[in-house]
Amino acid sequence: MPRPTPRTITFSIDGREVQADENMMLVDAAKLGDVEIPVFCYEPKLGAPVGACRMCLVEIEGIPKLQTACSTPVKDGMVVHTQNARVKEAQEAVVEFLLVNHPLDCPVCDKGGECPLQDISFGWGGGKSRFVEPKRHFEKPLALSPLIAIDRERCILCYRCVRFSQEVSEDYQLVLHERGAATYVGTFDSHPYVAPFSGNIIELCPVGALTSRPYRFRARPWDIEGGGTVCTLCPSQCNVHLTVRDERVLRVLARQHDGVDDGWLCDKGRFAYQAIHADERVTAPMVRDGGVLREVSWERALGEAASALGRMHGKVAALAGGDTTNEEAFLVQRIVREALGGQDLDSAPGIAARDLHALARPDLQASVPDLEFAHTVLVLGTEPVDDMPIVDLRIRKGVRRNRVKLAVATSRPSSLDANAALSVRFAPGGEAAFVSGLAAAIYGGDVDGPARAAGCDADALRSLAEMLRTGAGGNDGPPTAGDVVILYGQRLLRGTSGVAQALQKIAGGLNIVGREGAGLLAVPDATNGRGIAEAGFLPGYGPGYVAGPEGRDAAGIADGLRDGDLTALYLLHTDPIRDSGDAPGWDAALEKASYVVAHAQYLTEGVREHANVVFPAESHAEKEGTLTHPDGRVQRLRPAIGRQDQVRPEWQVLNDLAGRLDLDLGVLTGAMATTQLVEAVPFYAGITLNALGGTGLRWPATDPGAQAFPEPAADPAGTDGALAAATPSQGGRRENGGVSDLGALRLGTFRSIWASPEVEVAPALKFLAPRQKVEIAPADAERLDVRHGEAVTVGGDGITVDAVVHVRANAPEGTVFLQTGIADGSANVLGGPLVEIVGRDREPAVVGAPAAEADAEPDSAGDDTVPSEAPTPEETDAHRTDEVDASPETVEGAPADQAHNPEGEA
Amino acid sequence: MSANLIFHNIDEPGLNTLEVFQRRGGYGDRLKKALQMPREALVEELKASGLRGRGGAGFSMGMKASFMPKGAMDKYLVCNADESEPGTFKDRELMQKIPHLLIEGMIIGAYAAGANQSFIFIRGEYAQQADILEAAIDEAKAAGLIGKNILGSGFDLQMWVHRGAGAYICGEETALLDALEGKRGNPRLKPPFPANQGLYQGPTLINNVETLATTPFIVEMGGAEYAKIGVQNSTGTKLISISGHVQRPGNYEIELGMKSRDIIYGLAGGPGEGRSVKLWFPGGSSSPVLTGDDLDLSYDFDTLAKAGTMLGSGAIIVADDTTSVVDVALKTAEFYKHESCGKCTPCREGTTWTVKMLQRIKSGEATPMDLDIIASVCERIIGNCLCVLGDAMAMPVGSMVKKFRGEFEEYIEARREESERALLASVGAVA
């Protein structure tokens with residue numbers, strides 16, 4: 001629903017005339033008159049107020065009883081008193097009541113010094129105690145989860161954490177047990193509260209009842225410093241505040257930005273700071289010497305890299321990804337293009353640079369808050385909680401509070417299905433056909449053909465088109481689409497230009513081009529995918545999508561390395577063996593490459609095995625520079641700690657390297673790199689570090705920026721040609737990849753929120769590091785005689801990965817899903833499109849055998865014993881908690897399947 | 001003077017069946033008349049009757065029905081049959097013996113509210129009454145009195161019985177709605193009031209069993225005629241439950257405005273031989289107590305309010321002069337402490353604290369200063385809570401401490417000396 005436009009009214013508070021928006025809650029409106037009304041339970045981020053703590057009682061003339069300011073909308077002419085004797089008495093009463101059972105163990109409480117209960121007791125309490133009775137006791141502290149400790153004696157039962165779990169993250173795990181003074185917060189059956197956003201309850205807690213276990217007893221507020229920056233662990237780019245003590249990051253807090261994160265963080269963003277100080281991190285330059293990487297001096301590392309790259313002039317390619325800043329991408333593309341005679345750069349493997357350019361048009365961009373106020377939101381080919389977690393919460397908020405109509409179109413069942421008015425499934429590999437089919441359904445073309453190719457129900461596709469077209473309803477006229485936001489996974493664009501064409505066509509058909517509050521929003525694979533591309537790290541494009549000489553894309557670079565046309569590769573915060581879809585191809589390419597230079601924080605497989613020189617990369621706590629959010633917001637990174645050990649600023653490393661290659665980049669400070677970048681990218685015009693400040697700027701919404709965007713060229717294949725190309729001739733199981741027809745299953749992949757090196761090395765998060773599992777429909781599991789939890793191998797063509805069977809009630813039949821981005825057994829070693837499953841324990845002989853010989857296996861399985869256990873109930877994947885059995889011993893049992901069950905299937 | 005309207009023929013065998021109830025005039029012309037009236041006219045009749053809610057708050061039923069918004073939307077009627085206030089057992093007898101009267105009242109109430117769906121939220125302990133109601137609803141359904149096009153009026157109504165899980169707080173109307181929705185039964189913030197956003201966020205009229213069961217008579221007699229019963233601002237008859245130290249405890253129907261003494265002594269026979277009334281709760285255990293000096297008060301809403309208490313649910317609990325006020329206070333406080341939902345601070349902490357102090361008085365560890373603290377804690381609860389449960393403890397306990405302060409002080413002194421002696425004796429025994 002569109003944003004409301006409030007009326008300004010005047011009310012009186014403690015004798016002051018104050019202007020405020022009508023219906024603002026009194027507690028907020030009071031602040032406009034510099035009046036603070038104390039609160040505990042009130043937190044607008046959690047939705048409607050509950051009025052439970054009674055701390056905010058005020059007197060309103062004309063109303064006999066005192067009213068809770070947190071739940072009273074301000075009206076014109078209202079006369080409010082917050083300081084008179086009656087209100088003071090009530091405030092003292094509430095503070096006294098809150099303290100009667102509070103242990104007052106402030107000296108040993110983590111919250112001490114930054115505790116609202118302390119502050120409010122001081123500011124509004126009576127200052128004396130009349131309570132001589134024994135206090136309420138609970139066992140304490142207990143592990144609510146491996147990440148959170150709960151002290152129930154300190155709890156003042158403000159409901160915030162429970163409301164978060166129930167109404168914001170919707171994991172429905174936290175509840176209140178018992179009644180009255182015996183009430184306590186917990187989970188059903190005391191299983192650990194493990195969920196993607198659980199850590200937010202620590203920040204929400206107004207007392208020391210919920211504390212961070214990794215931070216517990218590490219510092220006091222007066223020991224710490226802090227700095228605001230941006231989290232670079234995923235494209236959400238949440239704004240964070242880092243707590244620092246002695247040059248170590250000890251904690252990450254949300255730095256609320258309504259345009260980006262709404263004040264929430266995911267647990268990866270909140271706890272992965274430990275990875276900054278992990279032993280596994282690369283903190284000194286390394287050079288391959290005698291087959292192994294050894295730490296060396298900067299001089300030697302820079303010298304060797306420069307001389308090798310210089311020797312291979314014209315045969316150097318580069319890939320960038322991850323948290324590469326705009327400046328780093330800009331500088332590396334300068335080095336490759338200006339000093340090394342190369343044009344082969346890519347940061348979006350498999351995606352045509354032209355498509356990125358076309359979809360980056362400012363008039364197509366939706367912003368993050370638009371998700372909250374649109375008439376309709378379509379989640380297309382992405383699982384937000386895994387790919388851009390914080391957006392998941394924003395979508396839920398829109399649906400819950402503003403009645404946004406949500407449609408989900410994915411191949412894998414989505415955790416948002418329960419919130420969606422319509423969920424449509426298509427087969428993995430059918431993405432392009434699906435999107436072109438949707439375009440056809442909106443415009444009125446052939447829908448059945450693409451739907452068949454996409455492996456999706458044509459009627460569902462038509463319903464989706466209808467829903468998008470009519471979201472705003474019509475007042476006496478024909479219904480219109482209104483504000484539609486399409487959140488699409490950029491991976492949809494892989495392999496064909498048809499998808500980008502179709503998306504533009506859909507946007508045109510829904511009339512959302514240039515429409516305020518509507519548009520497209522991409523979920524890139526890399527944190528700064530958008531910024532890296534805009535900085536010129538694409539084949540055929542210089543900075544700012546200015547067309548330049550042609551170059552090879554990622555696949556071409558791999559080919560070139562394998563063929564020997566290219567000899568050196570520059571890896572900027574990316575490891576193609578981990579991050580690309582084709583691990584074997586890249587393994588061969590890196591093997592063949594004569595020289596590999598990498599900027600890396602961790603020695604992931606590709607870097608460890610193939611890099612000749614590794615430059616230690618900065619973490620986001622150390623880095624300065626800018627990132628560009630998927631919605632076009634340029635945001636500033638600011639260092640909060642000094643660089644660890646030998647780590648140097650990467651702009652400086654690049655400047656030094658360029659100098660050794662006889663290119664003077666002229667970058668003597670981080671800010672100079674930003675200045676160069678802004679000069680080179682026309683639509684960043686007017687952006688300065690000062691202007692970015694703490695909140696950034698959305699260039700598609702700024703005047704000089706949006707005007708300066710270079711018009712994308714027409715697709716050479718033409719719209720229809722590209723669309724036709726997007727519709728594959730087959731959608732079934734014809735191309736069998738060497739797998740028998742009988743046992744063959746379509747392979748789909750996904751990357752979990754927890755699939756990252758930071759999770760693997762951060763001690764607190766290790767227990768969440770995903771292990772490979774194969775998601776399969778109950779019918780397929782039965783047909784193939786595999787049981788939930790069984791160890792199997794999955795693969796074809798002689799390549800397999802080990803996995804554990806995970807039966808999902810609403811998984812599509814004929815398709816399995818495997819994870820990518822994990823350290824062991826990532827699905828990107830498999831070629832697909834079809835795979836088969838072989839039980840590992842039961843038929844060991846089949847493992848590694850040519851798949852075709854395993855023909856009879858699934859068939860004969862029918863005679864075997866029927867699986868003894870029924871398939872386990874469906875669990876919401878996004879809130880997947882089954883990895884917890886690797887958790888610290890404090891957690892009893894695995895909390896699997898506790899998350900909410902979106903479709904009630906079992 | 002006792003009256004005979006709702007409880008007319010109450011003990012007739014088989015009155016709980018449709019056949020006997022209809023023979024006695026139920027579901028007859030008065031229901032047809034109600035359903036043929038324009039909705040607004042029916043609401044006007046209810047207003048004119050002066051009928052005030054019989055559940056405890058005493059708000060005009062007609063006014064409440066008139067707050068229901070017009071227009072096509074899902075509206076609900078909910079009957080609050082979570083009769084849990086200590087001392088109150090009138091609805092139980094009503095539902096058990098004349099379930100069809102409640103159903104008829106609900107049809108009328110739902111028609112006045114424009115609701116097509118209705119629920120009876122009955123406390124879980126009333127299993128027998130719930131069974132009876134369900135059987136009665138089945139009978140009424142079979143007879144076409146519930147369902148589509150009732151008596152050819154074009155009015156549709158569905159009706160369900162929902163059994164509560166036994167929490168006192170679910171008698172609070174918004175907690176009841178949460179519980180009915182399948183949530184934890186916690187009171188909601190008001191506003192919004194149920195008439196605007198009640199069950200499933202839809203407009204909802206909630207009334208007590210007795211209130212709804214009165215409406216057929218109002219339709220039958222006409223609002224103005226009904227208003228002639230009773231006294232000004234307290235019209236009609238009232239079911240009262242008398243318990244405690246009286247010789248004939250039970251349910252009685254009275255005309256409002258009867259003298260309290262006539263109820264306690266006349267109807268219920270008063271305390272036993274040689275005893276006198278020490279204190280009495282006029283309207284359930286949440287009403288501030290009155291003493292033997294207050295027996296000449298007229299039993300109506302306004303008079304009792306003027307005396308600093310309330311008519312509440314019409315449950316009179318009598319304690320005679322053999323009763324210790326400390327026991328009454330502790331018993332009362334313990335009940336509300338146990339039933340506090342824990343959502344808001346003053347009630348959750350205040351009731352617990354009060355109980356702890358009263359227990360200390362009992363065990364001889366208190367001083368008269370604790371009486372000041374109890375009084376102050378009670379004052380600090382009243383008016384500061386999310387719902388009225390906190391007040392329901394603070395008002396009677398506060399009133400007892402105020403009215404019987406002397407007895408409390410004597411008790412404290414006596415128990416202190418006693419416990420000191422016991423302590424000395426135990427020390428002596430050891431030495």
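**Close-up views of a predicted two-chain model**

**View 1. The buried residues of helix H13 of chain A.** In H13(A), the buried residues are Glu431(A), Ala432(A), Ala433(A), Phe434(A), Val435(A), Ser436(A), Gly437(A), Leu438(A), Ala439(A), Ala440(A), Ala441(A) and Ile442(A). A residue counts as buried if 20 or more other C-beta atoms, placed from the backbone, lie within 10 Å of its own, as exposed if 12 or fewer do, and as partly exposed in between. This is a predicted model, in which local features need pLDDT of at least 70 and side-chain atom pairs count only at pLDDT 80 or more, while totals for chains, interfaces and linings use all residues. To find your way, note that residues are numbered from 1 along each chain as its sequence is written, and that chains are lettered from A and ligands numbered from 1 in the order in which they are written. Helix H13(A) covers residues 431–443, and with twelve of its 13 residues buried it is mostly covered. From its first C-alpha to its last it reaches 18 Å, close to the 18 Å expected at 1.5 Å a residue; the expected span is 1.5 Å times one less than the number of residues. Just after the helix, look for Gly444(A), which takes a positive phi of about 90 degrees. Helices (H or I, at least four residues) and strands (E, at least two) are DSSP runs, numbered from the N terminus.

**View 2. An open sheet of three strands in chain A.** The strand order here is S28-S29-S30, with antiparallel pairing. Strands S28 (625–628) and S30 (697–698) of chain A stand at the edges with a single partner strand each, so one side of each is left without a neighbour in the sheet. Between S28(A) and S29(A) (residues 633–637) there are four bridges; two strands pair if DSSP finds at least two bridges between them. As a landmark, find Thr628(A) opposite Val634(A) in S29(A).

**View 3. An open sheet of five strands in chain B.** Its order is S8-S7-S13-S10-S11, and the pairing is mixed. At the edges are S8 and S11 (290–291) of chain B, each pairing on one side only. Helix H5(B) (residues 90–97) packs on this sheet, touching S7 and S8 of chain B, and its direction makes about 115 degrees with that of S7(B). Such axes are lines fitted to C-alpha atoms, for helices over the stretch in contact, and angles run from 0 to 180 degrees between N-to-C directions. Four bridges join S7(B) to the parallel strand S13(B) (residues 315–320), and Gly244(B) stands opposite Val318(B) there.

**View 4. The hairpin of S7 and S8 in chain B.** Five residues lie between the two strands of this hairpin. Strand S7(B) (residues 237–244) pairs with S8(B) in the antiparallel sense over six bridges, and Thr237(B) has Glu255(B) as its bridge partner. Five of the six residues of S8(B) (residues 250–255) are buried, so this strand is largely enclosed by the rest of the structure.

**View 5. Where chain B meets chain A.** The contact takes 23 residues from chain B and 26 residues from chain A; two residues are in contact if their C-beta atoms, placed from the backbone, lie within 7 Å. On the chain B side, helices H13 (325–339), H14 (345–362) and H15 (368–381) each give two or more residues. Helix H14(B) provides the largest share of that side, eight residues.
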